[in-house]
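Hello,

Here is the structure I promised to pass on. Please open it first, then read my notes below.

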Amino acid sequence: MPNANPHAAPARSAFRPSLMHGGFAADAATARRMIASAPAREASGEMSHLSAYCTGGAREKRKPYGFRDGVAIIGVRGYLMDEYPWLGDSWATGYDSLRYQSEMAHADEEVRGVALDVRSYGGYVAGSFDLCDDMAAMRKASGKPVVAICSEYAYSAAYAVIAAAAGSISVPRTGGVGSIGVICEHWNYAGALQKWGEEVTLIHSGEHKADGNPFEALPDQVKADLQAELDATRKLFAETVSRGRMAAGAKLTVEQVLATEARTYDGPARTAEAVTLGLADAVLAPAAAFAAFVAAINGNED
């Protein structure tokens, strides 16, 4: 059930695994600031809240996605979170919203196909792989074709979603896909606090209660435990990608996915390589990819 709280903007500790391209930290920081302004931006008409479509709101009769030529257009944009109940935000997308939009699109008799419009560098681990499984199951159950159109890029969590959900992935020659890995950051403020003449004393019950706190160096055992968690999550990521791509007809094994070592495939040479590897199916401009999909589902292929 989508989160119907219009002021819900979940917070996460930095000391948690993330499915995000490591080069987009500044974009993610900006997105977090914009997330805080979501209620005000909704009030201005910039975007809409999910509850307007699923709890009897005035917009309920409208489709909770773009619709053109028989295609439901669902945006996968910006920072991806498990709960973010606003639609049409270029800064962030919620897995809860994607699930709801996908459910409605696959059930909509007017919709003959679904296009995921993707421009995201990834986001949370939490909720991501459950969404991947759900979207794959929806496509199988409805029989409706789903394509992912990158405009321009799909990295990390965003790539997981489209690899699982779509039967075809296109990427423009200046775009990119990949970053199939997991990242985490630990900040140690002990030196800075010492310079400021400050000291933090942690009082806790339970040996691991303060693991990963930012007021002391990361102990070796805590780092090793976290590394094991990241490695297990990366394996789950690779399995999800391989299963989705195999279902779409690509020959991409778990071992081949892991062998990318979280590389991104960007620009003319590497997007072509992504197609060769099976991470994508075509190098196409977004408009051309959409036109080809519309023609295919409406029986107008040349």
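A residue is buried under 20% relative accessible area, exposed over 50%, and partly exposed in between (1.4 Å probe, protein chains only). At 1% relative accessibility, Cys-150 counts as buried.

Two points on the source. This is a predicted model: local features need pLDDT of at least 70, side-chain atom pairs count only at pLDDT 80 or more, and totals for chains, interfaces and linings use all residues. Residues are numbered from 1 along each chain as its sequence is written, and side-chain values use heavy atoms, without hydrogens and water.

Now the cysteines. A disulfide is a pair of cysteine sulfur atoms within 2.5 Å. The structure has zero disulfides. For Cys-150, the nearest cysteine sulfur belongs to Cys-132, 14 Å away.

Next, the core. A nonpolar core is a set of buried Ala, Val, Leu, Ile, Met, Phe, Trp, Tyr and Cys residues joined through side-chain atoms within 4.5 Å. The largest one has 63 residues. Tyr-79, Leu-116, Tyr-159 and Ile-162 have the most contacts inside it. Helix α6 (residues 157-165) gives the most to this core, with nine residues. Helices here are DSSP runs (H or I, at least four residues), numbered from the N terminus. A second, separate core has nine residues, including Val-71 and Phe-290.

Last, Tyr-159. Contact means heavy atoms within 4.5 Å. Beyond its neighbours within four places in sequence, Tyr-159 is in contact with several residues, among them Ala-154, Ile-169, Val-241 and Leu-279.

Best wishes

Definitions and conventions
Helix = DSSP H or I, 4+ residues; strand = E, 2+ residues; numbered from the N terminus.
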